[in-house]
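This report describes a protein chain and the molecules placed with it. The reader may wish to keep the sequence and the model in view while reading.

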Amino acid sequence: MTQEQVIYKGLAGVPVDYTAISKVNAETNSLLYRGYPVQELAATCSFEEVAWLLWHGELPTSEQLDGFVETERSERVLASNVRRAIDDLPLTAHPMDVCRTAVSVIGANDPEAEDNRPAQNLRKAKHLFAQLPAIVAYDQRRRRGQSLVEPRDDLDYAQNFLWMTFGEEAEPAVVDAFRVSLVLYAEHSFNASTFAARVIVSTLSDIYSAVTGAIGALKGPLHGGANEAVMHAFDEIGTADRAESWLDDALARKAKVMGFGHRVYKHGDSRVPTMRAALESLVEHYGRPDLLALYETLERAMDERKGIKPNLDYPAGPAFSLMGFDTETFTPIFVASRVVGWTAHVMEQLASNALIRPLSVYNGHEERQLPA
Ligand SMILES: CC(=O)SCCNC(=O)CCNC(=O)[C@H](O)C(C)(C)COP(=O)(O)OP(=O)(O)OC[C@H]1O[C@@H](n2cnc3c(N)ncnc32)[C@H](O)[C@@H]1OP(=O)(O)O
Ligand SMILES: O=C([O-])CC(=O)C(=O)O
C-alpha cells in the first residue's frame, strides 16, 4: 500500500473539521459546551438554557429565555397527521423507528423545509425541540394501551416531558435527575449521529432530513442504542452476585459489553460521574440499593478484566428505568436531548459548508470481460 493509500478505518483519530460547539478532551477527561464545563451546566442550568447556549453560543438573557420558553411551550402539541402517523405504526416497530418517522412527517409538514437560511433553521430546531417529548411520551403510552396526555404550559421542559409520559407530576428528585440526563446527552462533537447529520446537510439537503438520518445512526447499539442494551444486560444478570460470571461468559464469547468503552475517551467518560450521582439520588429516592450493587459490581469487574470504563449510557440506562420509562424508550429520550446538538451542528456545517465526500481505495476485481 502506498503512502497515499493509508486507510483510516472508522475515521478513528482523524479530525475532519472545526467545531465551536463542544470540546471533548480525552486527556483532561472534560467536556465543554461553548466553553462551559458540562458538569457546571448540569448543576445550575435548565435544559432550555443549555439548548439556547448550544444553538446561540451564549447563555440566554432572562428576556431571551422567557421568549424561548413561551415559544417552546406553545409548540408542544403534535399536528394531527403526526399523531396519525404514529398511530398507524405497528407496536412491533421500535420506538426509534417511530421517532424517525414522526420527525420525517414534521419535516414534510413544513412548507419552508428547504429554506436553509440560519433564522429558518433555528426556528425549525426549536420546533423539533418542542415536539420530541410529545412524540416519545405518546409512543410509550400507546404501547401501554394508554391515551395521549396533553402538554401543560405551566411546566418546564423536563417536568412536562415526565407529565406527558406518566400522566402525573413527577417528584422534584426525579425531575432533577431527568434534567441532568438531558443536559449531559445534548452534545458531543463529531459522534456518529452528529457526523451523519453533517454529511446529510453538506449536500445542501434540509435540517429535517439531517435529523431523520441522525436518528437512524443513533439507534445502533454501538452508539445511542447502548443505553437500552445496558438495561437488557441488567435484566439478564438479575442480581449483583451473578454479574461476574455473566461478564466472564460475555467476554469469553468476545461480546461487546454495552455501556462500556468509547472511541474518544479511553480513561472514562467525562459525563459519567455526574450521571452516576443522578442515578444514586434515584436509587435513594426509590429505595433500590440492589440496582446500584449490580451497577458497581459489573463496573468493577469490567475494570479488573479489561480496564474499560463505563460511558454515559451505563448510568443513564438504569436511571431511566428507575424513572419508569420502558427500556425501548431510552434511546428516544437521547434523541429528544441530542436534537439540540444535531441542529447546532447542521447550522455550523451550513455556515461554512464543504460537501463531505471522502475517498475509498478499490480492492475489488481488476477490470475484466463479461462472459460471452
Ligand atoms: C453515548 C455513546 O454513544 S457512548 C458509546 C456507546 N456504545 C457502547 O457502549 C457499545 C459498547 N462499546 C463499544 O462497542 C466500543 O467501546 C465503542 C464502539 C464505543 C468504541 O469502539 P472503538 O473505539 O472502535 O474501540 P474498539 O472497538 O476498537 O475496542 C478496542 C478494544 O477494546 C475492546 N472493547 C472496547 N469496548 C468494549 C466493550 N464494551 N466490551 C468489550 N470489549 C470492548 C475491543 O474488543 C477491542 O479489543 P481488542 O483490541 O482486543 O480487539
Ligand atoms: O462521542 C461519541 O462517539 C459517542 C458519545 O459519547 C455521544 O455521542 O454522546
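The paragraphs below treat the overall fold, then selected helices and residues, and finally the ligands.

This is a predicted model, in which local features need pLDDT of at least 70 and side-chain atom pairs count only at pLDDT 80 or more, while totals for chains, interfaces and linings use all residues. Residues are numbered from 1 along each chain as its sequence is written, and chains are lettered from A and ligands numbered from 1 in the order in which they are written.

**Overall fold**

The protein chain contains 16 helices and three strands; helices (H or I, at least four residues) and strands (E, at least two) are DSSP runs, numbered from the N terminus. Its radius of gyration is 21 Å, which agrees with the value near 21 Å for a compact globule of 372 residues. That radius is taken over C-alpha atoms, and the globule rule is 2.2 Å times the number of residues to the power 0.38. The C-alpha trace spans about 70 × 55 × 50 Å along its principal axes.

Of the 372 residues, 42% are buried. A residue is buried if 20 or more other C-beta atoms lie within 10 Å of its own, exposed if 12 or fewer, and partly exposed in between, with C-beta atoms placed from the backbone. Among contacts with a separation of 6 or more, 76% join residues 24 or more positions apart; two residues are in contact if their C-beta atoms, placed from the backbone, lie within 7 Å.

**Helices and buried residues**

Helix α2 (residues 47-56) is largely enclosed by the rest of the structure, because eight of its 10 residues are buried. Among them are Phe47, Trp52 and Trp55. Gly57, which follows α2, has a positive phi near 95°.

Helix α13 (residues 272-286) has 15 residues and reaches 20 Å from its first C-alpha to its last, close to the 21 Å expected at 1.5 Å a residue. The expected span is 1.5 Å times one less than the number of residues. The buried residues of α13 pack against α1 (38-44), α8 (172-185) and α15 (313-323). One of these buried residues is Thr274, which is touched by Ala42, a residue of helix α1. Ala42 counts as buried because it has 24 C-beta neighbours inside 10 Å.

Leu132 lies in helix α6 (residues 118-143) and is buried, with 26 other C-beta atoms within 10 Å. Not counting residues up to four places away in sequence, Leu132 touches Val335, Ala336 and Val339. Val339 is also among the contacts of Val211, and Val211 is one of the residues with the most contacts inside the largest nonpolar core, which has 100 residues.

The table sets two residue pairs side by side.

| Pair | Separation in sequence | C-alpha to C-alpha distance |
|---|---|---|
| Ala42 and Asp87 | 45 residues | 35 Å |
| Leu132 and Ala336 | 204 residues | 5.3 Å |

**Ligands**

Ligand 1 is surrounded by 19 residues, and the closest are Ala226, Val257, Phe260, Gly261 and Arg263; a residue is near a molecule if its C-beta atom, placed from the backbone, lies within 6 Å of it. This shell has eight nonpolar, seven polar and four charged residues. The residues around ligand 2 are His188, Asn191, His262, Arg263, Val264, Asn311 and Leu312.

Conventions. Nonpolar A, V, L, I, M, F, W, Y, C, P; charged D, E, K, R; others polar. Core = buried A, V, L, I, M, F, W, Y, C linked by C-beta atoms within 7 Å.
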